[in-house]
Amino acid sequence: MTHMETRHHQPGELLHVDSLEKSFGGIRALQGLTFGVPAGAIKAVIGPNGAGKTTLFNLVTGILLPTRGTISLNGKTITGRRPQMIARLGVSRTFQNVLIFGRMTVLENVMVGRHMRSRASLLSAGLRLPWMRREEQEIRARATERLDFVGLADRAKERAGNLPLGEQKLLEVARALATEPKILLLDEPAGGLNTRETERLAELIRRIRGQGITVVLVEHDMNLVMDVSDDIVVISFGQKIAEGKPREIKKHPAVIEAYLGEEGGYANAEGRRA
Amino acid sequence: MNRQDTGIFLGVVVLLTAFPVAVSQVEAISHYLDVMIFVGIFSLITMGLSLLMGYAGQVSLGHAAFFGLGAYTSGILCVKLAVSPWLAMVSGALFTGAVAYAVGVPSLKLKGHYLAMATLGFGVIVTIVLNEEVEFTGGPSGLSDVPRLEILGVPIRGELEFYILVWSMVLLVLVFCLNVIHSRIGRALRSIHDSEVAADAMGVETARYKVMVFVLSAVLASLAGSLYAHYVRFLSPGSFDLLLSIKLVMMVVVGGMHSLWGALLGTWLLTFLGNEWLHVFKDFDILVYGAILLFVVMALPEGLVSVGPRLSHMWKRGRESEG
């Protein structure tokens, strides 16, 4: 099942990537990747290191341009649009290497997430016109709600760069949620988290979906992936090798081979991690 | 403005009000009022530069040129075409803003410090034009007899009147800039400085905001230039060269890039050092000047404004260890 047949946008799919390909010089990071994410689903993208997962996110959010192929949101092509436009269309994300605004406060970080949902111009901001003040209060209120949602409300006034890694990751989620996305891409949200934090993260991901937001999850923590995802797509060396429900993926021979390169399967992978 | 800013602001207003009274009592420093007018004029430029450098993370080496464009637009329109000074000032600001936009758009689309390169070249070009276009600018021998500013038909003659005018403008611009910092625009600028990729992903139009703050800073420099033209009343190209651009950047760095108060403090200190306090060193003044800059940059990379918070931090820790 190495070469995927081209599928077109299915009804009920929010995000669809079709024959996506990305080369960096001679290296093909992604080739012929096709899959869809149904609206309201939690879909995981897994694969060994270097499989092209983060490249996929960078293509979907417009940070990178694909060499070939299309990405569509709600049936409309967004390939080649600038990151700001794609964000405006309802795609938000977190970053594997945590890109918070370190010198701003925690609350201000989330307030940046409200940027595109507010409109004050340079002039009205500089003159502090009454309607601009009302908008500013609105921004603050909405940002505080999101902080509360991820459980960081008591950290609002702290300098974001001073938070421990786990809380910085939650802050990225709150900031992304503040943009009111249709779809949220989480890039290794559990990396560096301890077991308890990861459990709370699973619960948070479900609550996000509960708000009607579609979630795409890139993650190495197999417990988390198997626990929260409705659907999993597995990529290896830039190609899709499997797609299906968590229990199908666990038993899939191609997945077992990609992860271990030997007999043994997911049970062994789990054993190694622990 | 937040509460802390408001407190400092009131303190600054009190100092500015007391200053002319204090210096008029002592004959030896009565000319400090004149120096303080220059501090005010340069502060208009450095506040804009502070927004650009400390908040948008871009360096300009061409702000003396924008200052010069404002000064010469005012000078030429008033001297050659007898335009009213205020109208000339607005024309200068619009013209300089348009020029800054043309310089900024291509260089700010690129990531990295291309703006510094572009503005460096731009500044050199402006100096050449000011020297060569003798018919309009008077060339190297300068443009003299720029008329005084008038308010409601009354010319502003005295130093005190000019001091009040300049510093009123500085305070208005300061409030404007502080308001901008504490708004979605200020947050957008700071977010660009911390992580441009993340700012993009939040829908912040990074290139647009960089251009916006660059144009704003150029317009402020132009206004400063017009004030300079009507105060000094004589313009020559040497007053708007690369050395001044570098000095302006140094003022912002010495005071503290990430704070508008730092820009004001740095402008005040370096202007007084350069115009007054280092004269005792005669020909060696430039060495002392350089040594001070070196010391500040090495010992206080966050600028002079970081001294206060640092001292209070040390004081608190000292008390804790005693208790």
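Reader: Hello! What should I know about the model and its numbering before I start?

Author: Welcome! This is a predicted model, where local features need pLDDT of at least 70 and side-chain atom pairs count only at pLDDT 80 or more, while totals for chains, interfaces and linings use all residues. Residues are numbered from 1 along each chain as its sequence is written, and chains are lettered from A and ligands numbered from 1 in the order in which they are written.

Reader: Thanks. Which domains does chain A have?

Author: Domain bounds come from an automatic or database domain assignment. For chain A, domain 1 covers 1-90 + 181-274 and domain 2 covers 103-178. Their C-alpha centres are 28 Å apart.

Reader: How many residues of domain 1 of chain A are in contact with domain 2 of chain A?

Author: Two residues are in contact if their C-beta atoms, placed from the backbone, lie within 7 Å. Here nine residues of domain 1 of chain A meet seven residues of domain 2 of chain A. On the domain 1 side, α2 (83-88) and α7 (195-210) of chain A each give two or more residues. Helices (H or I, at least four residues) and strands (E, at least two) are DSSP runs, numbered from the N terminus. By class, that side has six nonpolar, one polar and two charged residues; Ala, Val, Leu, Ile, Met, Phe, Trp, Tyr, Cys and Pro count as nonpolar, Asp, Glu, Lys and Arg as charged, and the others, Gly among them, as polar.

Reader: What about the sheet in chain A: in which order do its strands run?

Author: Strands of a sheet pair through backbone hydrogen bonds, either parallel or antiparallel. Two strands count as paired if DSSP finds at least two bridges between them. In chain A, six strands form an open, mixed sheet in the order β6-β7-β8-β3-β9-β10. Its edge strands, each pairing on one side only, are β6 and β10 (239-244) of chain A. Strand β9 (residues 231-236) of chain A pairs with β10(A) in the antiparallel sense over five bridges, and Val234(A) stands opposite Ala242(A) in β10(A).

Reader: Which strands does helix α7(A) lie across?

Author: Angles run from 0 to 180 degrees between N-to-C directions, and axes are lines fitted to C-alpha atoms, for helices over the stretch in contact. Helix α7(A) lies across β3, β7 and β8 of chain A, at about 150° to β8(A). Helix α1 (residues 53-60) of chain A lies across β3 (42-46), β6, β7 (183-187), β8 (214-218) and β9 of chain A, at about 150° to β7(A).

Reader: How many residues of chain A are in contact with chain B?

Author: 30 residues of chain A are in contact with 22 residues of chain B. The chain A side divides into 14 nonpolar, nine polar and seven charged residues. Between the chains, the axes of α3(A) and helix α8 (residues 184-194) of chain B come within 10 Å and cross at roughly 105°. These two helices are therefore roughly perpendicular to each other (65 to 115 degrees; under 35 is roughly parallel, over 145 roughly antiparallel and the rest oblique). Glu108(A), Met111(A) and Val112(A) of α3(A) make this contact with Arg187(B), Ala188(B) and Ser191(B) of α8(B).

Reader: And within chain B, at what angle do α2 and α7 pack?

Author: Helix α2 (residues 32-55) of chain B packs at about 15° to helix α7 (residues 159-181) of chain B, with the axes 8 Å apart. α2(B) and α7(B) are therefore roughly parallel. Their contact residues divide into 19 nonpolar, two polar and two charged.
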